[in-house]
Amino acid sequence: MELPAVEDDRLTDRISIGVLARIVPRDLVEEVLVETKRQERRVRLLPARVMVYFTMAMCLFFDDDYEEVMRKLAGALTWLGNWKGDWKVPTTGAISQARVRLGAAPLKLLFERVAVPVAGLGSKGAWLRSRRLMAIDGFFLDAADTPENVARFGRSTNGHKASALPQVHVVALAECGTHAIVAAAVGPRASDERALAATLLDACEPGMLLTADRNFYSYDLWHQALDTGADLLWRVKSDLRLPVIRPLPDGSYLGLIVNPKTSGKRRDQLIADARAGRDRPEDSATTVRVIEYTAPDRTGSGTGELICLITNTLDQTDIPAVELATAYHERWEIENIFDDVKTHQRGEARVLRSKLPDLVEQEIWALLLSHYAIRSLMCEAADEADVDPDRLSFMRSLRVVRRQVTDQADFSP
C-alpha cells in the first residue's frame, strides 16, 4: 500500500492517535523522549514519537498485525488530497526494530506523567464523603512463550506443573469510581505483591481512602501507607490478633496492631498500656479501628464469610462503620478494571504479542496508558451527563475511540 506524502514534510510527522491525543499530547511525548534519551539524531522513517502512538494503537487493535495498525494510523490522511510523493507502510521488521529502539522507558514515564485521578468533586460514585475512593490490587498477564520472556518473568507453578506461558505480575492503584488506573508496578510472576505495592504509595495523598485486600496487610506496609497521609481501609486475615481496646457505639471498636517482632510479655504490656491510655513507642504498636461483619457466602453454604477491616479513621462520628463497610465493597470495582484490560481491551485469552522482555513491558505500559485515556474520556462524558461512570459501557467507548483513531488520525480533537 502507498499513501500520498506532503512536500517538505513526512506523513509520519502528521500522525497522531485521534481522540486520545487530548490525553497524551504530542508536546508531552516529545518531552518524555528527551528525558529518556530516545529522541533521534537523524531523520527516520519511523521516529520515536510515531512509535509511542503506534504502541498505544497496537493496544487498541489487538487483532491486527503491525502493518495493519500502521495503516489505520496513517490511512485517514489520504482524503486530504494534497499529498505528493510516495510513502510506503513500513514492513513488520522495520516496525519491530523501531519498537526495540524506543524501549519501555518512554512509555513508563509517559504513563507516570499522564495518569492522575480524574474524578471531579461532582463525579458520581467516586467519593466517600470528602475522600476519594482508591483501591490497590494485582493481576497477571500472559506473555509470549520465548526463552527471553521465560528467563525474565518466569511461569506460574503448581507443584511439579508449570503454566504453559510466562506471566507478568502487575500491581495497580486505581480510582474506584472512574476505573482509572493511576499508578502501576510490573514484575516477574513470582514478585512479592507487597513489595510492588510499596512502590505505588508515592501516588497516594491526603484526601484519599485507600482500600486493599487481606493479602496486602503487613505491619510495615501499613505504616508506609500511613506516612502518605491517606486514610486506609484494609481487610486483614482472620488469624491477625486484634485485642479490643474500647468498643464504639457504631459497632466497631478500637483495637491494636502490634509489631510482629515484639515478644509475648512486651506485647501484653503494650496492650495493657493502650487500654489504660498510657503512651507507647510508635514503632511497637498502633491503634486502629476495627470493623467486623458477615457477608453472605457466595458458595451457597449459608454460613457467611467474616470480613475484618482495619482503618486509621478512629472517630466513628466522622464516618460510621456501616459506611466504611459499604465503601470497602467498592474495592471490588478493581476486578472490573482488570477485566477491562485483560479481556475487553486485549481480547479474551489473548497473549501479549511481544517476544522480548523490554518490549513486553513497553506493551504493558502502552496498554495501561490507552486504558487510562479511554477511562478519562468516559469520566468526562459521565460528568457532562451527570451520571455514574459505571453506567457507561467500556466496550462501546473502546469502539468509539477505535473509530476516532481511523477517522481523524491527523487531528487532535
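His371 lies in helix α12, which spans residues 357-385, where helices (H or I, at least four residues) and strands (E, at least two) are DSSP runs numbered from the N terminus. The model is a predicted one, in which local features need pLDDT of at least 70 and side-chain atom pairs count only at pLDDT 80 or more, while totals for chains, interfaces and linings use all residues. Residues are numbered from 1 along each chain as its sequence is written, and side-chain values use heavy atoms, with hydrogens and water left out. At 0% relative accessibility, His371 counts as buried, a term that means under 20% relative accessible area, whereas exposed means over 50% and partly exposed is in between (1.4 Å probe, protein chains only). When residues up to four places away in sequence are not counted, His371 touches His179, Ile181, Ile337, Asp340, Val341, Gln345 and Phe394, contact being defined as heavy atoms within 4.5 Å.

His179, one of the residues touched by His371, is found in the loop between β6 (161-175) and β7 (180-188). The backbone of His179 has a positive phi of about 65°, although His179 is not a glycine, and with 5% relative accessibility this residue counts as buried. A positive phi, of about 60°, is also found at Lys37, which is not a glycine either. Lys37 is placed in the loop between α1 and α2 (48-58) and, with a relative accessibility of 72%, counts as exposed.

For the chain as a whole, 13 helices and 13 strands are present, and buried residues make up 53% of the 413 residues. Among the contacts with a separation of 6 or more, 70% are accounted for by residues 24 or more positions apart.

Two loop residues illustrate such pairings across the sequence. Gly125 is located in the loop between α5 and β3 (127-128) and is partly exposed, with a relative accessible area of 39%. Although Gly125 and Val387 are 262 residues apart in sequence, their C-alpha atoms are 9.1 Å apart in space; leaving aside neighbours within four places in sequence, Gly125 is in contact with Gly177 and Asp388. Arg350, in the loop between α11 (333-345) and α12, is likewise partly exposed, with a relative accessible area of 32%. The C-alpha atoms of Arg350 and Phe62 are separated by 8.4 Å, while the two residues are 288 residues apart along the chain, and Arg350 touches Phe62 and Asp63 when residues up to four places away in sequence are not counted.

The packing of helix pairs was examined next. Two packed helices are described by the angle between their axes and the distance between the axes; here the axes are lines fitted to C-alpha atoms, for helices over the stretch in contact, and angles run from 0 to 180 degrees between N-to-C directions. The axes of helix α1 (residues 26-35) and helix α5 (residues 105-114) come within 9 Å and cross at roughly 130°. That angle makes α1 oblique to α5, since angles under 35 degrees count as roughly parallel, over 145 as roughly antiparallel, 65 to 115 as roughly perpendicular and the rest as oblique. In this contact, Leu28, Val29, Glu31, Val32, Leu33 and Glu35 of α1 meet Pro106, Leu109, Leu110, Arg113 and Val114 of α5. By class, the contact of α1 with α5 comprises 8 nonpolar, no polar and 3 charged residues, where Ala, Val, Leu, Ile, Met, Phe, Trp, Tyr, Cys and Pro count as nonpolar, Asp, Glu, Lys and Arg as charged, and the others, Gly among them, as polar.

In a second pair, α2 and helix α4 (residues 92-102) pack at an angle of about 105°, with their axes 10 Å apart, and are therefore roughly perpendicular to each other. Ala48, Met51, Val52, Phe54, Thr55 and Met58 of α2 make this contact with Ile95, Ala98, Arg99 and Leu102 of α4; by class, it has 8 nonpolar, 1 polar and 1 charged residues.

Burial within single helices was also considered. In helix α3 (residues 66-74), the residues Tyr66, Val69, Met70, Leu73 and Ala74 are buried. These residues cover an arc of only 125° around the axis, which puts them on the same side of α3, the arc being that of the directions from the helix axis to the C-beta atoms. An α-helix has 3.6 residues a turn, so residues three or four places apart point the same way. In helix α8 (residues 219-226), the buried residues are Tyr219, Leu221, Trp222, His223 and Ala225, and they pack against α7 (193-198), β9 (231-235), β11 (253-258), β12 (285-295) and β13 (305-311).
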